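Here are my notes on this structure. Please keep the sequence and the 3D view open while you read.

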Amino acid sequence: MGISYYSIFQYDNDGICISFPDLPECLSCAWSDEDAKKMAQEALELYIEDTPYERLPKPSCSSQIILKESQKLILITTNKLG
């Protein structure tokens, strides 16, 4: 059984900042979209590794997340659960 959360890629001059609206403490960064997707998945897996499944927040729908001009919404999925 897998779990998916939306991540926000914030594009800045110094790279891509990665955050998860439902998991405020889960953050990462990268230089390219390809690396950002890998880093986002790794960050998500590390975050949920120590969190029991029952304590994970319910993932938001994409329509609930408001983006700024320099942001992109990416769905990150993992099969690793804590």
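How far apart should the ends of helix H1 be, at 1.5 Å a residue, and how far apart are its end C-alpha atoms?

1. The 17 residues of H1 should span 24 Å, and the end C-alpha atoms are 24 Å apart, which agrees. The expected span is 1.5 Å times one less than the number of residues. Helices (H or I, at least four residues) and strands (E, at least two) are DSSP runs, numbered from the N terminus.

2. A word on the source. This is a predicted model, where local features need pLDDT of at least 70, side-chain atom pairs count only at pLDDT 80 or more, and totals for chains, interfaces and linings use all residues. Residues are numbered from 1 along each chain as its sequence is written, and side-chain values use heavy atoms, with hydrogens and water left out.

3. Now the sheet. It is open, with four strands in the order E3-E2-E1-E4 and antiparallel pairing. Two strands pair if DSSP finds at least two bridges between them. Strand E3 (27-30) and strand E4 (71-78) are the edges; each pairs on one side only. On average, neighbouring strands are turned by 30° against each other, direction ignored. Axes here are lines fitted to C-alpha atoms, for helices over the stretch in contact; angles run from 0 to 180 degrees between N-to-C directions.

4. Look at the bridges. Five join E1 (residues 3-12) to E2 (residues 15-19). Gln10 has Cys17 in E2 as its bridge partner. Four bridges join E2 to E3. Here Ile16 has Ala30 in E3 as its partner.

5. Helix H1 (residues 33-49) packs on the sheet and touches E1, E2, E3 and E4. Contact means heavy atoms within 4.5 Å. The direction of H1 makes about 50° with that of E4. Its buried residues include Ala36, Leu44 and Ile48. Buried means under 20% relative accessible area, exposed over 50%, partly exposed in between (1.4 Å probe, protein chains only).

6. Ser28 counts as buried because its relative accessibility is 17%. Not counting residues up to four places away in sequence, Ser28 touches Ile16, Cys17, Ile18, Met39 and Ala43.

7. Finally, check Ser32, in the loop between E3 and H1. At 29% relative accessibility, Ser32 counts as partly exposed. A polar atom of its side chain lies 3.1 Å from the backbone nitrogen of Asp35. Ser32 and Tyr11 are 21 residues apart in sequence, and 9.6 Å apart in space, C-alpha to C-alpha.

Definitions and conventions: A polar contact is a pair of N or O atoms within 3.5 Å; within protein, one must be able to donate a hydrogen and the other to accept it, and residues adjacent in sequence count only if both atoms are side-chain atoms.
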